[in-house]
Amino acid sequence: MSKEHDKGMTLIVKVITRLTVGLILLYGIYIVLHGHISHGGGFAGGVIIALSFVNLMLAYGRDVALKKLPKSAMSFFVSAGALIFLGIALLGFSGGYFFLNFISKGEPFRLFSAGIIPLCNIAISLKVGAGLFAIFVVLVLLKFEWEKKE
Amino acid sequence: MAMSNIIPLFVAISLLGAFIISIIGKRLKWLPDLIGSLTTLILLVLSLITVRIVATQGILVYNVGSWKLPIGIVLVLDGLTVFMLVTVNLIAFFVSIYSINYMERFTSKWKFYTLFLLMMAGMNGVVVTGDMFNLFVFLEIASVASYALVAFGTERHELEAAFKYTVMSTVGTLFILLGIVFLYSYTSTLNMADMANVLAQKGMSNIVVMVSILFIVGFGLKAALVPFHAWLPDAHPSAPAPISAMLSGVLIKSLGIYTLCRVFYNVIGINSSLSLVLMVLGTLSMVIGVFLAIGQWDFKRLLAYHSISQIGYVILGIGLGTPLGIIGGLFHLFNHSVFKALLFLNSGAVEYATGTRDLQKMGGLMTKMPITGTTTLIASMSIAGIPPFNGFWSKLIIIIAAVQANRLGYAFWAVLASILTLASFMKVMKYAFFGELRNKWSEVMEVPFFMKIAMVILALICVVGGVLFISNINEIFLKPASDVLLEGTKYADIVFKGIQ
């Protein structure tokens with residue numbers, strides 16, 4: 001077994017996590033992309049995406065999870081998500097109104113429909129996914145540093 | 001493009017500034033200062049433009065995403081909104097200039113500016129929105145940013161104060177949310193203008209009384225009125241000085257007083273019992289705040305208690321409900337923003353130079369820090385109500401309005417609180433700036449350039465602030481704001497008819 005597997009939980013948890021974590025991430029992406037035609041959306045999907053990384057961190061320890069999604073990448077995604085969302089809203093000025101749905105709405109209940117709403121969902125999922133994982137990491141890291149002092 | 005496109009910019013520009021700083025400010029050290037000052041400058045210019053727009057074109061209504069009035073979110077630009085926008089953005093601009101030098105002492109300046117601009121977005125949003133739930137969302141944005149800013153120093157007492165502030169403020173927010181839920185279930189709409197129409201048709205009922213109580217507790221907590229003030233004396237002194245200036249100067253006003261006015265005057269509709277509650281709470285804050293302030297030895301804590309006391313004046317003036325009272329209250333709101341922001345910046349300057357906030361350890365600083373000393377003197381005289389500074393005029397108007405409305409008791413308490421304010425600021429001046437210079441302060445230097453310039457300009461506004469009441473400026477700045485409140489629930493018709 002490689003050295004990175006020394007940390008984290010037992011082998012059973014690790015194997016199960018290895019099998020499911022990809023599916024969880026994929027499910028999150030599915031929820032985000034189908035936000036405008038079914039339940040869920042940017043926030044719910046973002047939470048599920050964040051949970052897949054949280055799951056990774058719980059099973060394998062923080063080093064593995066932070067290698068997949070470093071802290072600098074997290075803060076970049078949080079800001080980028082917000083900027084994309086704001087950018088979409090500002091692009092509405094091209095049609096004369098803030099937040100105007102300026103893209104063609106398309107046929108209802110198709111994946112490519114509803115104008116800017118899927119794009120907004122993607123922006124929100126970036127912000128929520130990275131943000132929620134960042135909050136989790138901060139709570140965990142604070143605890144580690146506190147334990148070191150003890 | 002229509003003129004009303006300016007309204008969403010107040011939120012969009014501050015958010016844009018915040019997230020640009022957060023994405024690249026970490027690597028480029030000079031960038032946060034530049035974007036922070038530039039963003040607030042643009043907002044200040046835009047808010048001054050809106051004064052002109054409303055004076056020439058009347059009330060503007062903006063449909064976000066081109067969804068029409070009762071369905072979508074509307075942003076409304078009327079006299080009161082313009083008044084608050086100018087107040088908020090004026091103070092924010094000088095605070096951000098001051099922060100250029102002051103925040104050098106803290107690490108990660110870019111986080112400070114990001115949170116600062118997020119708070120700005122929240123405050124501007126609360127002021128421009130015409131939708132009840134939207135108001136709640138912006139209120140939360142501003143509040144959450146301010147929790148983090150109070151804890152910015154991450155020392156033990158700062159974290160403690162921020163935690164206390166977070167818990168109490170969250171409770172207040174929940175009261176507001178519950179009030180909005182009840183109103184929504186009663187009126188089936190979230191748009192303020194539509195809500196006012198429905199409430200006028202359905203008339204008063206117990207649920208409206210319940211909602212009024214919830215809002216008084218919730219918004220009163222945000223405004224730090226007296227039974228709900230306990231978080232303020234901890235939170236405001238613990239924040240870095242520019243943030244104390246923002247919190248005391250504009251946050252409690254835009255989240256507390258503005259919302260109270262807007263909801264009670266324009267949506268629910270004021271009546272004699274509500275007006276009485278506001279006046280009693282205002283007088284209580286006024287008197288209890290100043291009594292608690294007078295015994296303080298921590299410079300910033302003393303200022304924080306005075307904020308409670310001065311907020312009392314504003315609420316008393318607005319609660320009187322007479323035209324003169326409302327003008328006096330709003331005028332005092334503007335003046336208090338200026339001189340209290342200045343006083344907190346002064347306290348920050350003293351702390352920057354000497355490293356202490358304890359008045360007993362200072363003394364004779366006037367000789368070493370003449371600009372800080374003089375501006376503090378001007379601000380102290382303003383807050384104590386000495387003519388010809390701006391604080392005198394607004395307090396005078398409030399007291400005259402109380403006498404005119406035959407509320408002599410309230411006028412008496414207002415005069416008494418003013419005298420006690422004078423006493424406590426004489427103490428500040430005597431212990432901090434006059435008297436003998438101690439040996440350990442012989443090396444003290446005056447603060448850097450940007451801090452000086454911010455303080456000097458705010459002091460100038462204090463000196464000429466009384467001008468605002470001269471008829472021409474009054475006509476375009478204060479009077480439209482008080483007219484909005486006097487119209488009461490006619491607000492709904494005006495918004496529905498407004499230029500879209």
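**Close-up 1. The interface between chain B and chain A in the predicted model.** In this predicted model, 17 residues of chain B are in contact with 14 residues of chain A. Putting the two chains together buries an area of about 1400 Å², and carbon and sulfur atoms give 76% of that area. Between chain B and chain A the count of salt bridges is zero, although a search of the whole structure finds seven salt bridges over all chains.

Close-up 2. The side chains of D33(B) and K109(B) meet in a salt bridge, with a distance of 2.8 Å from N to O.

**Close-up 3. The packing of helix 5 of chain B and helix 10 of chain B.** The axes of helix 5 (residues 132-150) of chain B and helix 10 (residues 241-268) of chain B come within 12 Å and cross at roughly 160 degrees. Because angles over 145 degrees count as roughly antiparallel, helix 5 of chain B and helix 10 of chain B are described as roughly antiparallel to each other. The crossing of these two helices is left-handed. On the side of helix 5 of chain B, the contact is made by M132(B), L135(B), L139(B), A142(B), S143(B), S146(B), L149(B) and V150(B), and on the side of helix 10 of chain B by I243(B), L247(B), L251(B), L255(B), T259(B) and V263(B). Sorted by class, this contact has 11 nonpolar residues, three polar residues and no charged residues.

**Close-up 4. The packing of helix 15 of chain B and helix 17 of chain B.** Helix 15 (residues 370-384) of chain B packs with helix 17 (residues 408-433) of chain B at an angle of about 170 degrees, and their axes are 8 Å apart. Helix 15 of chain B and helix 17 of chain B are therefore roughly antiparallel to each other, and their crossing is left-handed. In the contact, T372(B), G373(B), T376(B), L377(B), S380(B), I383(B) and A384(B) of helix 15 of chain B meet S418(B), T421(B), L422(B), F425(B), M429(B) and F433(B) of helix 17 of chain B. By class, the contact between these helices is made up of seven nonpolar and six polar residues, with no charged residues.

Notes: Residues numbered from 1 in each chain as written. Chains lettered and ligands numbered in written order. Predicted model: local features only at pLDDT ≥ 70, side-chain atom pairs only at ≥ 80, totals over all residues. Heavy atoms only, no water. Axes fitted to C-alpha atoms, helices over the stretch in contact; angles between N-to-C directions. Helix = DSSP H or I, 4+ residues; strand = E, 2+ residues; numbered from the N terminus. Parallel < 35°, antiparallel > 145°, perpendicular 65-115°, else oblique. Left-handed = near helix turned anticlockwise from the far one by under 90°. Contact = heavy atoms within 4.5 Å. Nonpolar A, V, L, I, M, F, W, Y, C, P; charged D, E, K, R; others polar. Buried area = accessible area lost by both parts, 1.4 Å probe. Salt bridge = Lys/Arg side-chain N within 4 Å of Asp/Glu carboxyl O.
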